[in-house]
Amino acid sequence: MAGAAGPGTGPGTGPGAAGGDGDDSLYPIAVLIDELRNEDVQLRLNSIKKLSTIALALGVERTRTELLPFLTDTIYDEDEVLLALAEQLGNFTGLVGGPDFAHCLLPPLESLATVEETVVRDKAVESLRQISQEHTSVALEAHFVPLVKRLASGDWFTSRTSACGLFSVCYPRASNAVKAEIRQHFRSLCSDDTPMVRRAAASKLGEFAKVLELDSVKSEIVPLFTNLASDEQDSVRLLAVEACVSIAQLLSQEDLEALVMPILRQAAEDKSWRVRYMVADKFSELQKAVGPKITQNDLIPAFQNLLKDCEAEVRAAAAHKVKELCENLPIEGRETIIMNQILPYIKELVSDTNQHVKSALASVIMGLSTILGKENTIEHLLPLFLAQLKDECPEVRLNIISNLDCVNEVIGIRQLSQSLLPAIVELAEDAKWRVRLAIIEYMPLLAGQLGVEFFDEKLNSLCMAWLVDHVYAIREAATNNLMKLVQKFGTEWAQNTIVPKVLVMANDPNYLHRMTTLFCINALSEACGQEITTKQMLPIVLKMAGDQVANVRFNVAKSLQKIGPILDTDALQEEVKPVLQKLGQDEDMDVKYFAQEAMSVVAQRLRKLDLPVKDSDEPSAPGADKNHFLRPRGPGEDAGKVSRDRAARVASEAAVEAAQLGVGTQPRSGPAYQLCVNPRETLAHLEIVGLVHFSQSRD
């Protein structure tokens with residue numbers, strides 16, 4: 001693209017010439033067009049992303065006659081530029097004059113659909129599919145179908161792979177004669193010499209089948225499916241499995257049994273593990289497509305083989321589908337099928353040698369309890385759950401913990417606690433912090449179902465131990481956990497059980513634990529109410545204002561800001577305000593800043609209550625810079641200059657926005673703006689210069 005001539009550019013039309021001729025309205029457009037020819041890739045990319053702005057300024061006529069031919073002739077560029085161009089052109093119909101002129105966009109997109117880079121071709125095909133919907137039926141046959149034919153018969157495989165994605169969008173609106181030609185081209189691509197083309201055809205086979213007439217599906221698509229499913233390349237065969245789902249939905253049971261099932265049985269036992277993996281991955285969709293009878297006779301035996309496949313990836317994919325398979329079975333006889341034909345294979349996977357297989361199974365096995373009922377869950381599934389809770393792989397344990405609620409709904413909390421609680425308590429102290437985190441997140445639900453007495457006896461100590469965990473995420477989750485527990489068990493329980501233990505941590509030698517006390521107070525204050533907060537928590541917070549660690553002190557200020565709305569006026573006026581004023585004079589700048597923030601909140605609270613507030617109680621400058629205390633002012637720094645610089649920055653942003661909005665089909669009120677840099681100053685000053693409106697003339 002570098003070095004080519006842009007539309008409307010030439011002698012006397014460059015950026016400098018715009019100002020020289022007195023026509024400032026096209027100056028920004030000239031800059032953008034010039035950037036299309038720039039050697040800098042980033043500048044070309046930026047200009048391509050603003051292509052709609054250029055088109056708006058040029059008008060629909062010049063866009064069709066100048067801009068699009070220019071883009072078509074200069075397709076050779078960096079992949080990221082071409083990708084942006086392909087994306088932009090998909091939304092260009094309105095900029096070239098509407099649906100009647102949509103065909104003008106086909107030449108550049110056709111060129112983009114033939115480039116070597118896959119992502120560019122895919123984006124070009126996506127845009128072509130979008131534009132095809134805007135063609136009339138006549139224009140589709142006159143312009144779009146010939147494009148598809150050219151691509152399908154191109155010399156390079158790149159054009160032929162792109163053509164595969166376009167058949168389904170033009171076929172439904174084509175005449176019968178053209179439909180026959182389209183089907184012929186698709187058949188040719190399905191038997192192409194290049195594997196990449198056959199792969200593209202196989203990936204679009206199901207989509208194409210959905211828009212064909214049923215007779216054509218049986219007579220043409222099924223033979224193509226059979227050939228692709230027997231292709232020498234496994235990458236083609238596995239895509240044929242995906243097409244099988246769409247084809248199966250279109251055929252009757254008799255046709256399915258005769259035409260599709262032999263191929264599917266063959267795929268489930270394919271020599272390539274990738275093909276078998278695809279069968280396992282699409283198993284639920286296949287099951288729904290073929291119906292219950294064929295599922296019972298053919299798919300269940302195939303699924304058993306996949307669960308004991310020699311490749312771990314295949315077993316893991318099949319294990320992921322266990323729950324969905326069982327849910328989709330007919331309710332009548334479902335329990336028998338699962339117990340006799342599925343569960344024995346599941347028991348083997350629980351002790352599989354591959355951790356990914358065990359993890360996949362653990363993520364879905366809990367869901368079987370709702371299908372099999374209480375008795376079967378207790379007798380057959382609970383032992384499997386326990387085994388997985390004790391598995392050496394943390395991912396397996398995590399997946400079991402995360403789905404305990406499924407089992408709880410079926411067997412009840414008492415049975416669950418007797419069977420699984422010892423293992424849960426053990427996991428609460430697991431070396432892997434994510435496992436501990438999963439237990440914490442489940443704790444409020446578990447606590448609400450166990451009841452307060454059982455919880456205090458078995459799990460309370462665990463919840464307090466998490467508050468001093470060495471991982472911050474655990475301490476944070478434990479703090480939120482306490483708030484949820486108070487909401488469940490009430491303020492009296494909190495006052496007697498939780499609050500005293502939390503407040504003791506304020507004297508901990510580790511400053512992180514002292515900070516956790518403040519975090520807990522922040523979380524508990526709202527749940528506990530004004531009385532407990534004022535009488536028990538506030539004195540501890542105020543005492544910690546004298547902590548030797550600055551991080552603790554500024555968290556004291558943040559805590560006072562948080563609990564301020566809960567406290568009564570006497571506490572705010574007599575206890576909180578003096579402490580915040582003292583912190584506002586702290587030697588640490590962060591402490592000063594957060595104390596000032598808190599003081600503003602307290603002052604507003606007192607003002608609402610009609611209490612007198614001195615001016616000194618608030619920061620001296622309303623709306624002061626939040627970084628005021630974080631950035632010391634340099635010696636001799638002019639405060640007025642800082643304000644002027646800030647105003648200049650705001651004005652420059654407004655100027656940029658106005659310049660962007662100045663190009664359009666309607667005149668705007670108010671001036672457009674331009675940014676000028678004065679290089680003579682040490683610091684560039686941004687000047688706002690009023691310009692003439694963009695001209696409405698497109699010439």
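Student: Is Lys218 buried, partly exposed or exposed, and what's its relative accessibility?
Tutor: Lys218 counts as partly exposed, because its relative accessibility is 34%. Keep in mind that this is a predicted model.

Student: Which side chain does Lys218 meet in a salt bridge?
Tutor: Asp255 is the partner, and the N to O distance is 3.0 Å.

Student: How many salt bridges does the structure hold?
Tutor: There are 23 salt bridges. Arg553 and Asp586 form one of them, at 2.9 Å from N to O. That pair ties together parts that are 33 residues apart in sequence, because Arg553 lies in helix H36 (residues 550–563) and Asp586 in the loop between helix H37 (569–583) and helix H38 (589–608).

Student: Are Arg553 and Asp586 buried or exposed?
Tutor: Both residues are buried.

Student: OK, what about Arg62 and Glu66, how do their side chains meet?
Tutor: They meet in a salt bridge too, with 3.2 Å between N and O. Both are in helix H4 (residues 51–73), and since they are 4 residues apart, about one helical turn separates them.

Student: Switching to the surface: which residues gather in a patch of negative charge?
Tutor: That patch brings together Glu78, Asp79, Glu80 and Glu116.

Student: Where does Glu80 lie, and how accessible is it?
Tutor: Glu80 is part of helix H5, which covers residues 79–89. Its relative accessibility is 43%, so Glu80 counts as partly exposed.

Student: Now Ser127. Is that one buried or exposed?
Tutor: Ser127 counts as buried, because its relative accessibility is 3%. You'll find Ser127 in helix H7 (residues 118–132).

Student: What does Ser127 touch, leaving out residues up to four places away in sequence?
Tutor: Ser127 touches Ala86, Glu87, Gly90 and Leu109.

Student: Which helix is Ala280 in, and is Ala280 buried or exposed?
Tutor: Ala280 lies in helix H17, residues 273–281. Its relative accessible area is 0%, so Ala280 is buried.

Student: What's in contact with Ala280 beyond its neighbours within four places in sequence?
Tutor: The contacts are Leu306, Val314, Ala317, Ala318 and Lys321. Take Val314: Val314 is 34 residues away from Ala280 along the chain, and their C-alpha atoms are 6.7 Å apart.

Student: Zooming out, how many helices and strands does the protein chain have?
Tutor: The chain has 39 helices and 2 strands.

Student: How much of the protein chain counts as buried?
Tutor: Of its 699 residues, 49% count as buried. The accessible surface comes to about 33300 Å², and carbon and sulfur atoms own 50% of that.

Student: What share of the contacts with a separation of 6 or more joins residues 24 or more positions apart?
Tutor: Those residues account for 67% of such contacts in the protein chain.

Technical notes. Residues numbered from 1 in each chain as written. Predicted model: local features only at pLDDT ≥ 70, side-chain atom pairs only at ≥ 80, totals over all residues. Heavy atoms only, no water. Patch = residues over 30% accessible without salt bridge, like charges linked within 9 Å, V, L, I, M, F, W, Y side chains within 5 Å. Areas by Shrake-Rupley, 256 points an atom, 1.4 Å probe, with all protein chains shown as cover. Salt bridge = Lys/Arg side-chain N within 4 Å of Asp/Glu carboxyl O. Lys, Arg positive; Asp, Glu negative; His and termini not counted. Charge placed at Lys NZ, Arg CZ, Asp CG, Glu CD. Buried < 20%, exposed > 50% of the residue type's maximum accessible area, 1.4 Å probe, protein only. Contact = heavy atoms within 4.5 Å.
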